[in-house]
Amino acid sequence: MPRSSRSRYSPRYQLLRVLLRDRMFVTGLVILAILVTMAVGGYLWVPEDARTRWYYNVRWTLNPKLAPPCWADYLTGEGRAPTTNLTYVAVSEYWQVRAEELWQVRYRELTSLGITDESVLSRLREDLYQRVREEFGGRGFSYFFEYSYSFTTPPQDIALVVRSLDRDLVASASAVLYRPDGAQVRFLLSDRVELHRGEEGIVKVSFSKDFVERLVRDYISARTDPETARVLSDQINYGLRSPVSVLFYEDLGSGGRVSLSTPTHGTYRLRVDLLLSEPTEVGELEVRLRVIGSCYGLLGTDDVGRDNLWTLLAGSAIALLIGLPYALASRLVGLLYGATSGFFGGTVVDVVMQRICEIVYAMPTLPFIIMISYTLRETTGTQVGIFQIIGLLLLFGWSGVAIVSRSMALSIREEPYVEAAKAMGASRARIILRYIVPQLMPYFFASVMLATPGAILTEVFLSILGLTDPNMPSWGKMISGAQLTVHAWWWIIPPGIAITLTGLAFMFLGYSIENATNPKRRRL
Amino acid sequence: MSGTARFFASNLANALLVIFLTVLITSTAFNFVHEKEAWGRVYEAVESEVRRFVIENPRATPEDIERYRQYRESYWISFYGLDQPIVSRIVMTTYRTLIMDFGEARILYTAYGHTKDVRSIILTAMGRTALLFTTATLLNIAFGILLGIFIASKVGTALDKAAGVLAMVTNAIPLYWFGAIMIWLLAYRLNLFPPASWRPIPPYVAENPLELVRWFAWHMFIPIVSMLILGVFSWAWSIRAVVVEKYSEDFVMVLRAKGLPERYIRYRHVLRAAAPPIVTMATLSVTGSLFGAIVSEVLFQWPGMGMLYYTALRNNDTIVVLADTYAFVVLFVIAKLLLDVVYGLLDPRIRIRR
């Protein structure tokens, strides 16, 4: 089989065999494959709005802030409440629940007044039900949730999430919490629901300021010593501690003291009354209770509540989208520039091209990119995104390759086969593209690999300086955000490892290609 | 002109050309920003003046007001130089930048000598950046050479391979990330060193040179050690490669055949021959660490040029951004020029070829 034997000994096949036997190359390839999987996976899995509106997104308000990952509890032995969604176990029309409640009170009043006649009572009851129904019929639902709590660190917050097509539907919401020890806590979740409205009709209903004040006044100060009460109320008022955290500790409401060390375990029942601005069917609303826990997912959250895993995955796509296209484009430009310059070696064209190249090469890239990014921000208001970063890097990035390609082209030019091509009347462009450039290809590929991490790092630099598009999720933003809160290891460690591994992978690939194609280096 | 002189002259000319061109480009960029800001200021000033004019002269006709407005407008436009053609403004800025006449900053820079004078801010910043990063680079080179020679004597062993892997890994770790972890570990967890590398120097320290060295050593410990850990292995690895290559050359065999002692061969001949490539690496390393400085200084709270960039960018202080870019270019070009000269001194072939 002449065909296969020829391909077996073809230089390309030989090169591939050498490379695949190189452990460095294979390691680099594996890391790169993981990276690409992360990027593609991130693209498919992370919702689009989280990628394009990353800086502020209503989703983040439904996540805990600065929460460690849940698996960390296995290492530290803590029992943090995970972030979960609870679906309601039962739902009924609000007027029924309300009428029932009012009747209970009324019934006690009436019996204490001595009215026990069944017919009178039932008529009064009918009356009451009729009135309540007229007032609230169809304009509200009561949802019943059950939350079984067996943790030591309470959740950061609890919120009701309502998803409906009409954003202005929800008028107000209140809730009653039935604790396992029998105590009841009543609170208005929010009187005017306009806090966090996102796209897709998500309405987050969280605690009203009124509730927080009442909690501090009625519960905490009545049950602790003044000093503890003051500290606690300060913490709650400054947003350092969520009022929710108090609800899961021992003795709340049972007349004893609030103890912030012993949690009360068991099943907490929560009734949420949702009042609507117009009559609605129960099926039109998608209601769930979001327990905004004290730990979150695989990589926790940052200080705004962004999911670090999402940022990491979306960031890997950004890193690759900046790194690879830049490396390819800059190397290509530099290669052609250098090959052309080398082909004209010694002539005026070469001297001019070389001088331009040397000057560009001697310019410090990063200060320039910073200056131009700043100019763009101040004059046009654009904050650099993927394309602008690639463009800015391209302004300078081609020069190093051009210098090397030129010197290589100079020696290739003297080869007999180039001479022969010239003698046969090949055009200049043909000689450059068909005879010189192919010889530079191994160097080209090695150089593409070695140039990629630099571009990724430039994005990180610009992000730390606050010059990049704030809505572009990236590793640099993770690092720059986490630098001030270093203890949040789940936030700062992953992007650093990602950058290190990416740099390593491309270095491995670049060096192994260089080694395989340059016999002089293989000796070492 | 001798070859040496021509070599140095051509290098110097190239460096000056680069400085001039970069300043020209940054001045152009600066003028775009400046123009936008200046128009805003002209508009504000004219509006407030016209309002005052109307209040002070209640009987002014609309024509009077219009005339007054045009008069003030032309005054402010010429005050900010907006009536000049853009080319002459760019040339003016270029000239003023080259002689470091930057004027006043927008805000007070407390960490840079509590002043608004941009020139003195820039000079302070340059000195500090040079102090931190030159120290780190010199230490890196010194330890790198020692370690590199040691590894070169163990070519092919497991230690050699491990050093190679370590060099690649430490080279890929970003400094501003590693530094953050070092700060967390050494400053917050173990409480050994201060988390901020710069503090105003108290007078009793400034008087005593010994105290001053101790003060700097203690405060600069975390950044220097971070840079050493990340830098020294890749340094050692590169030096090992050069040294191993030189060992395989014929002149070493001749020296050995002559019976010269191994130490003599290593330091007098092999290292001497390996010096030029090492200087080339130093060029790349110094310039690289200078760019790393921009971000790392913020982390280490070291008020040099990088931190200055950060502060100026946050406060939209255009003049300081321009001045800092200029400072970076100058420092970059000077470092490169110096290393080129050293390279030329070390490798005679370079001088003669030109």
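Gln301(B) lies in the loop between helix H11 (262-300) and H12 of chain B, where helices (H or I, at least four residues) and strands (E, at least two) are DSSP runs numbered from the N terminus. The model is predicted, with local features requiring pLDDT of at least 70 and side-chain atom pairs counted only at pLDDT 80 or more, while totals for chains, interfaces and linings use all residues. Residues are numbered from 1 along each chain as its sequence is written, and chains are lettered from A and ligands numbered from 1 in the order in which they are written.

Although Gln301(B) is not a glycine, its phi is positive, at about 55°. Most residues other than glycine have a negative phi. Gln301(B) counts as partly exposed, with 17 C-beta neighbours inside 10 Å; a residue is buried if 20 or more other C-beta atoms lie within 10 Å of its own, exposed if 12 or fewer, and partly exposed in between, with C-beta atoms placed from the backbone. In chain A, Leu66(A) is likewise not a glycine and has a positive phi, of about 50°. Leu66(A) occurs in the loop between helix H4 (48-52) and helix H5 (72-76) of chain A, and is partly exposed, with 19 other C-beta atoms within 10 Å.

In chain B, the axes of H4(B) and helix H12 (residues 305-314) come within 8 Å and cross at roughly 135°. Axes are lines fitted to C-alpha atoms, for helices over the stretch in contact, and angles run from 0 to 180 degrees between N-to-C directions. H4(B) is therefore oblique to H12(B), given that angles under 35 degrees count as roughly parallel, over 145 as roughly antiparallel, 65 to 115 as roughly perpendicular and the rest as oblique. Ile121(B), Ala125(B), Met126(B) and Thr129(B) of H4(B) meet Met305(B), Gly306(B) and Leu308(B) of H12(B); residues are in contact if their C-beta atoms, placed from the backbone, lie within 7 Å.

Helix H4 (residues 118-152) of chain B also packs with helix H9 (residues 221-247) of chain B, at an angle of about 40° and with the axes 6 Å apart. This angle makes H4(B) oblique to H9(B).

Strand S1 (residues 104-109) and strand S2 (residues 115-117) of chain B run antiparallel and are joined by two bridges; strands pair if DSSP finds at least two bridges between them. Tyr109(B) stands opposite Thr115(B) in S2(B).

Chain A contains 20 helices and twelve strands, and buried residues make up 42% of its 524 residues. In strand S12 (residues 286-292) of chain A, five of the seven residues are buried, so S12(A) is largely enclosed by the rest of the structure. Strand S4 (residues 157-163) of chain A runs antiparallel to S12(A) and is joined to it by seven bridges, with Arg288(A) as the bridge partner of Val161(A). Strand S1 (residues 84-86) of chain A pairs with S12(A) in the antiparallel sense over three bridges, and Asn85(A) stands opposite Arg290(A).

The contact between the chains takes 33 residues from chain A and 42 residues from chain B. On the side of chain A that touches chain B, helix H12 (348-362), helix H13 (365-379), helix H17 (428-464) and helix H19 (489-517) of chain A each supply at least two residues. H13(A) gives the most, with nine residues.

Terms used: Contact = placed C-beta atoms within 7 Å.
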